[in-house]
Amino acid sequence: MKEVVKLSELLKDAYLYYQNANPQEKETVIKQIFSELTINGNTLKYKCKNGFQALESRFVASGDPTTWLSELVNFSGSIQISMQNLQYLMRNNIPDLDPPD
């Protein structure tokens, strides 16, 4: 659960970074977070990448609300990687992110 809170806080920082970024940097942030973005009429549809799926899935959890918490264990590794990549991007102002291994 702590990792999801940290990821959520990092996304708040990423939002501020995005607001001040140039168009190329904005595109890189979007590509880091989303695997798909589509517009259908007036509806934006999206699919999150990697660890960001943990935040996306909380809105579509099936069953008991506590089920979402137990599902977070499956995202632990990808959350860490997503946080590292996003931090790296924001720290280094990299227009085309090639995340560290």
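Glutamate 27 counts as partly exposed in this predicted model, with a relative accessibility of 42%. Its side chain meets that of lysine 31 in a salt bridge, at 2.9 Å from N to O, and this is part of a total of two salt bridges that the structure holds.

**Salt bridges**

- Glutamate 27 and lysine 31 are four residues apart in helix 2 (residues 23-33), which means that about one helical turn separates them.
- Lysine 31, the partner of glutamate 27, also counts as partly exposed, at 47% relative accessibility.
- Lysine 47 forms a salt bridge with glutamate 36, and the closest N and O atoms of this pair are 4.0 Å apart.
- Because lysine 47 lies in strand 2 and glutamate 36 in strand 1 (residues 34-40), their pairing ties together parts that are 11 residues apart in sequence.
- Lysine 47 counts as partly exposed at 44% relative accessibility, and glutamate 36 counts as partly exposed at 41%.

**Helix 1**

- The 19 residues of helix 1 (residues 2-20) should span 27 Å at 1.5 Å a residue, which agrees with the 28 Å between its end C-alpha atoms.
- Val4, Leu7, Leu10, Ala14 and Tyr17 are buried in helix 1, and they cover an arc of only 115 degrees around the axis, so they lie on the same side of the helix.
- The face turned away from that buried side carries the exposed residues Lys2, Lys12, Tyr15, Leu16 and Asn20.

**A loop residue**

- Asparagine 50, placed in the loop between strand 2 (43-48) and helix 3 (53-57), has a positive phi of about 40 degrees although it is not a glycine.
- Asparagine 50 counts as partly exposed, at 37% relative accessibility.

Terms used: Residues are numbered from 1 along each chain as its sequence is written. This is a predicted model: local features need pLDDT of at least 70, side-chain atom pairs count only at pLDDT 80 or more; totals for chains, interfaces and linings use all residues. Side-chain values use heavy atoms; hydrogens and water are left out. Helices (H or I, at least four residues) and strands (E, at least two) are DSSP runs, numbered from the N terminus. Buried means under 20% relative accessible area, exposed over 50%, partly exposed in between (1.4 Å probe, protein chains only). The expected span of a helix is 1.5 Å times one less than its number of residues. The arc is that of the directions from the helix axis to the C-beta atoms.
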